[in-house]
Amino acid sequence: MELHIWPSDFGLPTIDVASLQFLTCSKMCASPVQVVHSTRPWNSPTGEYPAIFDQKNKPVTDYEKFVEVLKKSGQDVVIDADLTTFERAQLDAFSCYLHQNLNPAVTHTFWADELNYNTVTQYWYASHLHFPYNLYYLEKRRKKALRLLASKNDTTILKDAFMALNTLSTKLGDNKFFCGNKPTSLDALVFGYLAPLLRVPLPNDRLQVQLSACPNLVRFVETVSSIYLPLSEEEIKRQQSNRKLWNNRLAKAKAEKELAKQNSDNEHAENNAEEPPMRDSILFALGAITLSLVFAIHTGILQVSVEDEEIATE
């Protein structure tokens, strides 16, 4: 079987979440899958990566179905074979939970957040796809991401993701993998979500910072990377040659972000500063008028006469 995925970068064999999940799972069970790094997604039956065909030559795009294909591939290591019934149920529950609570945040981070999208995502895909297909692909995939996120606001998305990361950290504890000392399809699924968040340089990095605050999750990503997904020397050299470019883009984006924040703070301060003088001027004017009237009446300059109206009674 051939597994077609996006190319490597940022210390990862591929930066795409789904491609990374498929690849990691196949490596964990030493499946005889031939990996093809490609930038021609139009050759995929879905127009997207990862792309793989099962034994009946049918395309497999769903992660759970891919796991089932791997179980029937005949390799010595069968993924999830040692799990108990309870552990299998837990795995399914966590998979569903992550899809609902972590996947939207990862999608938002790379495809909906304007600063991250313009700094990293758009530039990376545009530089790997030829013109004008890159414009079509980016628009199509971003619209798909925005539709996925339409039912949630940014605050809810981030809050759910923070809770999901804390839940994963608690689940992992001091273990090497999520179900003990042997990797499962859950480990590959989680790795696909976490590794890009940890490795890709992001100017808006709140989710990245939260992940970095969970040392056992960071250790988990590094462990899986070193054991199952080591990069070749050629890939390492190529990525190192691009590091300066990405550091410059990140520094520029952060500088623009800080400048925008300063301008916003200054504008807010100016608006607040204008309010007290206006209020004080009005109060001063009213006070001056009142004192002038009192002074005029007291000195006789202004006289106030009150006429008594005689009411005749019949």
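Modeller: Of the 314 residues in the chain, 41% are buried (under 20% relative accessible area with a 1.4 Å probe, protein chains only). This is a predicted model, in which local features need pLDDT of at least 70, side-chain atom pairs count only at pLDDT 80 or more, and totals for chains, interfaces and linings use all residues. Residues are numbered from 1 along each chain as its sequence is written, and side-chain values use heavy atoms, leaving out hydrogens and water.

Colleague: How many helices and strands are there in the chain?

Modeller: The chain has 11 helices and four strands, taken as DSSP runs (H or I of at least four residues for helices, E of at least two for strands) and numbered from the N terminus.

Colleague: At what angle do the axes of α7 and α10 cross?

Modeller: The axes of α7 (residues 154-172) and α10 (residues 215-228) cross at roughly 75° and come within 9 Å. The two helices are therefore roughly perpendicular (65 to 115 degrees).

Colleague: Which residues make the contact?

Modeller: Helix α7 contributes Leu 165, Leu 168, Ser 169 and Leu 172, and α10 contributes Asn 216, Leu 217 and Phe 220; contact means heavy atoms within 4.5 Å. Five of these residues are nonpolar, two are polar and none is charged.

Colleague: Now Ile 157: is this residue buried or exposed?

Modeller: Ile 157, which lies in α7, counts as buried because its relative accessibility is 4%.

Colleague: Which residues does Ile 157 touch?

Modeller: Leaving aside residues up to four places away in sequence, Ile 157 touches Asn 101, Pro 104, Ala 105, His 108, Leu 149 and Lys 152. Pro 104 is 53 residues from Ile 157 in sequence, yet their C-alpha atoms are 6.5 Å apart.

Methods
Buried means under 20% relative accessible area, exposed over 50%, partly exposed in between (1.4 Å probe, protein chains only). Axes are lines fitted to C-alpha atoms, for helices over the stretch in contact, and angles run from 0 to 180 degrees between N-to-C directions. Angles under 35 degrees count as roughly parallel, over 145 as roughly antiparallel, 65 to 115 as roughly perpendicular and the rest as oblique. Ala, Val, Leu, Ile, Met, Phe, Trp, Tyr, Cys and Pro count as nonpolar, Asp, Glu, Lys and Arg as charged, and the others, Gly among them, as polar.
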